[in-house]
Amino acid sequence: MDPLLLGGIVAIVTILVLFSGVSVAIGLLIVSAGFLVIFDGPRSLELMPEILFGKLDNFALLSIPMFIIMGASIASTRAGADLYEALERWLTRVPGGLVVSNLGACALFAAMSGSSPATCAAIGKMGIPEMRKRGYPDGVAAGSIAAGGTLGILIPPSVTMIVYGIATESSIGRLFLAGVIPGLMLVGLFMAWSLFSTWRSGDAALLSAGNYSWAERFEILPRVLPFLLIILGVLYAMYGGVATPSETAAVGALLCLLIAMIIYKLWHPRALWVVLRDSTKESVMILFIIAAAGVFSYMLSSLFITQSIAEWIGTLDVNRWVLMGAVNIFLLIAGFFLPPVAVILMAAPILLPIITTAGFDPIWFAVVLTINMEIGLISPPVGLNLYVINGIAPDISLRTILTGSLPFVACMVIAIVLLCLFPGLATWLPNVVMGGAL
């Protein structure tokens with residue numbers, strides 16, 4: 001059978017299997033085993049255990065559970081609420097400062113936790129009721145938190161970036177740095193839209209806020225600064241040549257646990273058990289998907305599907321930006337239905353040779369891919385962040401949350417366009433800190 005036709009059949013079968021409700025990892029293994037047996041015979045299954053466990057034989061994978069523990073220990077405390085309160089007190093006199101402080105809190109909490117749903121839950125529990133009480137429309141209150149939560153997979157440390165680095169054998173340090181400027185750019189775009197929408201409303205209630213004394217502003221800083229220092233310390237250790245990403249993640253996880261225990265009195269064994277239990281569940285899920293995706297990639301390569309697609313793309317006489325537009329549409333649609341980790345692990349083996357053949361930087365592409373995944377987090381039918389917000393504020397309809405999120409989706413599209421026009425937004429910082437592209 002022609003490999004391109006076979007690739008189309010594999011894609012359709014994979015989508016049907018995943019839509020059946022089976023877990024992503026099990027679905028990928030079922031599809032991989034089925035096609036290997038059909039086209040390579042039953043003996044091909046003998047290699048599956050070796051490939052499955054071999055994919056996990058990577059020291060860099062240790063950083064995933066460590067960063068997840070780091071985020072879980074923060075999410076289990078009042079750190080999100082304190083971060084929100086600190087920014088609210090310092091930005092209270094800015095018109096629309098409440099929604100701006102929410103977005104700023106989302107950005108900082110995302111940098112600490114690396115998780116979009118955790119960011120939505122932690123900041124949304126405080127921010128949404130307060131914004132609604134001050135007179136902000138429900139759509140603005142819910143949409144800003146849903147969009148701000150997506151920053152968790154872009155601003156370092158990001159588990160999504162780690163997964164991309166492992167899947168494409170790219171430098172995790174470079175990927176983290178590549179997400180800094182685009183992440184700040186997205187925060188700026190989100191804040192700009194929030195300020196504009198607040199100004200356009202003309203409602204004086206939205207422009208007014210409570211007054212805080214300087215003493216009240218400074219008194220909350222000791223509860224926030226330790227976590228911010230950990231972020232700076234992690235980044236310094238990673239890029240100062242002090243430790244590897246995995247070692248840095250382990251130290252960061254330990255420090256976050258200690259701070260949660262010391263500052264937030266997280267002493268009870270049951271509370272610590274919940275942190276470790278939830279972190280283990282999420283880590284195992286991600287690692288299982290990584291292992292299953294390794295088998296899936298082997299199946300695509302063994303049946304010459306990946307190679308044939310790359311060769312076919314190379315023969316197309318189209319502008320490379322037309323090609324990139326098609327890739328973005330594919331990622332956008334995939335992000336509507338699948339979680340970011342699954343999309344990266346399934347698509348990276350196919351897309352990487354295509355983008356490198358077209359002359360695109362794989363580090364730059366990681367940022368574009370991640371922003372596409374961010375859009376998927378606030379877009380139906382999956383739209384994980386939409387459901388998290390709906391769980392926090394069940395009296396706000398999903399339609400209202402989605403409508404409030406749409407302007408922020410437009411901001412993300414603008415960010416992708418800016419990255420295409422100015423690739424240096426993603427590549428400049430990694431090249432300056434770590435030298436020219438490898």
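**Close-up views of a predicted model**

**Figure 1. Composition of the lining of the second largest pocket.** The lining comprises 26 nonpolar residues, three polar residues and no charged residues (nonpolar: Ala, Val, Leu, Ile, Met, Phe, Trp, Tyr, Cys and Pro; charged: Asp, Glu, Lys and Arg; polar: the others, Gly among them). The second largest pocket holds about 760 Å³ of space. Of its 29 lining residues, Ala11, Ile15, Phe330, Ala347 and Ile350 are the closest to the centre. On a 1 Å grid over the protein atoms alone, a pocket is an open set of points, where a 1.4 Å probe fits, with protein on both sides within 12 Å along at least five of seven lines; lining residues have an atom within 4 Å of a point.

**Figure 2. Helices around the second largest pocket.** H1 (3–19), H16, H17 (305–315), H18 (320–337) and H19 (340–357) each supply at least two lining residues. The largest share, nine residues, comes from H1. Helices are DSSP runs (H or I, at least four residues), numbered from the N terminus.

Figure 3. Ser279 lies in helix H16 (residues 269–302). Ser279 is buried, at a relative accessible area of 2% (buried: under 20%, 1.4 Å probe, protein chains only). Beyond its neighbours within four places in sequence, Ser279 contacts Ile68, Ile69 and Ala72 (contact: heavy atoms within 4.5 Å).

**Figure 4. Confidence of the model.** The protein chain averages a pLDDT of 81, and 93% of the residues score at least 70 (pLDDT: the predictor's confidence in each residue, from 0 to 100).

**Notes.** Residues are numbered from 1 along each chain as its sequence is written, and side-chain values use heavy atoms, leaving out hydrogens and water. In this predicted model, local features need pLDDT of at least 70 and side-chain atom pairs count only at pLDDT 80 or more, while totals for chains, interfaces and linings use all residues.

Terms used
Buried means under 20% relative accessible area, exposed over 50%, partly exposed in between (1.4 Å probe, protein chains only). Grid points are joined across faces, edges and corners, and a volume is the space filled by probe spheres set on the points.
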